[in-house]
Amino acid sequence: MGIELRGNALITMILLASGLDFLLLGYDQGLFGGILPGARFLDMLGNPNPTMTGLVTAIYDIGCAFGAVAAFIWGERIGRKKSIIIANFI
């Protein structure tokens with residue numbers, strides 16, 4: 001069926017996956033930090049004040065958290081492969 005990890009091998013794989021997730025979240029935040037002060041993005045939002053800019057950033061972070069929880073729930077219910085296929089269409 002597949003490789004069953006136990007003990008130190010399992011811990012190592014969990015740490016690698018978690019580390020990669022945090023790295024990608026940092027990359028996404030850095031990318032968003034470069035988009036946020038852009039003239040086209042600010043014009044699209046109607047040149048928001050700092051409070052509104054902070055709100056947009058907070059909503060982005062909350063959306064990431066809800067997306068992770070939704071992916072976990074859907075992944076458990078319909079399976080990993082089907083949830084990845086559905087996510088690609090969204």
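Helices are DSSP runs of type H or I with at least four residues, numbered from the N terminus. The views below show a predicted model.

**View A. A nonpolar patch lies on the surface of the predicted model.** Val 69, Phe 72, Ile 73, Trp 74, Ile 78, Ile 86 and Ile 90 make up this patch. Together, these side chains and their residues account for about 700 Å² of accessible area. The most is given by helix 3, which spans residues 50-78 and supplies five residues to the patch. One of the patch members, Ile 73, is found in helix 3. Its relative accessible area is 36%, so Ile 73 is partly exposed, a class that lies between the 20% and 50% limits.

**View B. Helix 3 packs with helix 4.** Two packed helices are described by the angle between their axes and the distance between the axes. For helix 3 and helix 4 (residues 80-89), the angle is about 130° and the axes are 7 Å apart. The two helices are therefore oblique to each other, since an angle would have to be over 145 degrees to count as roughly antiparallel and from 65 to 115 to count as roughly perpendicular. Helix 3 passes helix 4 in a crossing that is right-handed.

**View C. Ala 71 is placed in helix 3.** With a relative accessible area of 48%, Ala 71 is partly exposed, because the exposed class begins only over 50%.

**View D. Glu 4 and Arg 6 form a salt bridge.** The side chains of Glu 4 and Arg 6 meet with an N to O distance of 2.9 Å. A search of the whole structure finds one salt bridge. Both partners, Glu 4 and Arg 6, are exposed.

**View E. Asn 47 has a positive phi value.** The phi angle of Asn 47 is near 50°, and this residue is other than glycine. Asn 47 is placed in the loop that runs between helix 2 (39-45) and helix 3. The relative accessible area of Asn 47 is 53%, so this residue is exposed, the limit for that class being over 50%.

Note on methods
Residues are numbered from 1 along each chain as its sequence is written. This is a predicted model: local features need pLDDT of at least 70, side-chain atom pairs count only at pLDDT 80 or more; totals for chains, interfaces and linings use all residues. Side-chain values use heavy atoms; hydrogens and water are left out. Patches are made of residues with over 30% relative accessible area and no salt bridge: like charges are joined within 9 Å, nonpolar side chains (Val, Leu, Ile, Met, Phe, Trp, Tyr) within 5 Å. Accessible areas come from the Shrake-Rupley method with a 1.4 Å probe; for residues, only the protein chains shown count as cover. A salt bridge is a side-chain nitrogen of Lys or Arg within 4 Å of a carboxyl oxygen of Asp or Glu. Buried means under 20% relative accessible area, exposed over 50%, partly exposed in between (1.4 Å probe, protein chains only). Axes are lines fitted to C-alpha atoms, for helices over the stretch in contact, and angles run from 0 to 180 degrees between N-to-C directions. Angles under 35 degrees count as roughly parallel, over 145 as roughly antiparallel, 65 to 115 as roughly perpendicular and the rest as oblique. A crossing is left-handed if the near helix is turned anticlockwise from the far one by less than a right angle, and right-handed if clockwise.
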